[in-house]
Amino acid sequence: MVKSGKKNMARTCLIAAICATARRTNPIRSVSAFTGSSLGSASRQTSVSTSPFSFSKLSMSTETDSEVASSSKILKRIKTVDAAPTDGEVAIKGWVRTVRKQKTLAFVEVNDGSSLSGIQCVLPFDDIDEASKKEIDNLSTGCSVEVVGKIVESQGKQKYEVQSSNLRIVGECPADTYPLAKKRHSLEYLRTIAHLRPRTNTVAAVARVRSVLAGSIHQFFQDTGFVYVQTPLITASDCEGAGEMFRVTTLDLDNVGELPMKKDEDGKTLAGVDYEEDFFGKPAFLTVSGQLGGETHACALGDIYTFGPTFRAENSQTTRHLAEFNMVEPEMAFADLNSAMDNAENMLKYVVGEALKKCDEDLTFFSKFYDKGLKERLEKVVKKPFVRCSYRDAIKYLQEEIAKDPSKWQFPDVEFGTDLATEHERWLAETKFNSCVFVYNYPKKIKAFYMRDNDEDGGETVNAMDLLVPGVGELVGGSQREDRLDVLLEKMSELDLDPEDYWWYLDLRRFGSVPHAGYGLGFERLVCYVTSVENIREAIAFPRYPGNAEF
Ligand code: 4AD
């Protein structure tokens, strides 16, 4: 939710020091060439240098193996097995999920991360070499393995299995210390082992869906003529004016007594650090939004978008907030609030449609274990127009509902000017409309300085919108921007923002100003919405929140 307010002191300090970490060389293979790695058609070749197997050359193909030379063994991604069963021997490389040994054979379930299901490898003791038999004795959940065999139709519940002739352990995994036992673990526990949790069904499925969503977002904007702009992560401007920024400094905070302090003309020390002595010669922060930079490019290139990390030092432990999250921020010149709402709706319909097409196995898994109505809800997003409701109407509906039983609400006092809480947003999206709903024309007082004053609405509102979605609440926040220099200066003065800090932003209104609009979509909230995982800490590889920057 965008909030206005005076600039507070930025909190928590952050030193930008990036250490180059030596990459460990993969002992098994060295990647020799990448070919055709564009969206949706990743196909690559891998040459094996020091495999314990005697393959002279392995070719690896993610989507298809048709180009592979017949003399080579095909390194198969498990995802492709169902799509294209192969004659001849294949090699599967992955991590063991389960091992079952019987008198005459062993069943080893291997997952290589390419799909949810993994594949069962059957190893009849009569058909495998002695070395493989020994390896099976040492096999446990979590070991990495190479298995060679033929893909055959399975007698069991899966469609195919590998009738294996060889198995080698690539990396052992001591069962007594491996933190991912076979049993189901809670998502809270998995957060404490975030480096290993992508090996679990839920977290791997989230990662795959997330990847498809990111690719589809780029695809949507690229296909509709938007220019991708990378705006800086280090900034001197507080876009949202809410003072929730992490400071970036190279000043030595371990020696507070040595910090350079401001001085008056007579050299007398004043209160406050002299940031002219800091790395950038002025206070610098991690960005809360790429919007202001985005506007500069929209006002030259027309339609642009940014997609990158943003940072907020909110002391928030909710299931919807991260201190570091990714935002998609399109900005359109010669556009108004309706254009922004239309674009957000079209974009969401597209990316959700792509997820339904490309992530069926993972979405089926989420429907089974997290939200039975998930696919139906997503299909509705694609097919049904989103509701549009003014803020004034939203308040009226809420007041009517709350009046029926105020005790049911944590925040029963709702009136014009109220910053809607999650329970209000979710009631509107889930109960009142049972749909994605744009709430527009918010009161000036609760929105950011850059939003355009609404001429028609008694001077009390701005041309702003939030998109509320069932299960999540606010997914998108956007507005038409104030393009009139005099009005913008007045708004900044009311909020005590120094125009000098925003001189370049104001120049956009001095030189060839145009009506323009845009929005920000919280990418991790979208991941939650599409996968139905409840906590945003599962929607990102390494969540950052107050008290946690592990990994
Ligand atoms: O509504 P917000 O604050 O809007 C802006 O930052 C605008 N400058 C965007 C623009 O117009 N270009 O944030 C946009 C979205 C929210 O709707 C929410 O989905 C997400 O970013 N968001 C967060 N997601 C995770 N953790 C947080 N702490 C978030 N704060 C906002």
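Leucine 180 sits in the loop between strand 10 and helix 3, helices (H or I, at least four residues) and strands (E, at least two) being DSSP runs numbered from the N terminus. The model is predicted, so local features need pLDDT of at least 70 and side-chain atom pairs count only at pLDDT 80 or more, while totals for chains, interfaces and linings use all residues. Residues are numbered from 1 along each chain as its sequence is written, and side-chain values use heavy atoms, with hydrogens and water left out.

With a relative accessible area of 5%, leucine 180 is buried; buried means under 20% relative accessible area, exposed over 50% and partly exposed in between (1.4 Å probe, protein chains only). Not counting residues up to four places away in sequence, leucine 180 touches Thr141, His185, Leu190, Ile193, Leu196, Arg199 and Thr200, a contact being heavy atoms within 4.5 Å. The C-alpha atoms of leucine 180 and glycine 142 are 7.8 Å apart, although 38 residues separate the two in sequence.

Lysine 182 lies in the loop between strand 10 (160-171) and helix 3 (187-192). Lysine 182 is exposed, at 61% relative accessible area.

## Overall architecture

The protein has 13 helices and 23 strands. Of its 551 residues, 51% count as buried. Among contacts with a separation of 6 or more, 66% join residues 24 or more positions apart.

## Salt bridges

A search of the whole structure finds 32 salt bridges, each defined as a side-chain nitrogen of Lys or Arg within 4 Å of a carboxyl oxygen of Asp or Glu. In one of them, glutamate 538 meets arginine 197 at 3.3 Å, N to O. This pair links distant parts of the chain, 341 residues apart: glutamate 538 is in the segment after helix 13 (523-531), and arginine 197 is in the loop between helix 3 and helix 4 (201-223). Glutamate 538 is buried at 3% relative accessibility, and arginine 197 is buried at 1%.

Another salt bridge joins arginine 452 to aspartate 483, with the closest N and O atoms 2.8 Å apart. Arginine 452 lies in the loop between strand 20 (437-443) and strand 21 (461-469) and aspartate 483 in the loop between strand 22 (473-480) and helix 11 (485-494), so the pair ties together parts 31 residues apart in sequence. Both residues, arginine 452 and aspartate 483, are buried. Through shared partners, salt bridges join Arg452, Asp455, Glu482, Asp483 and Arg484 into one network.
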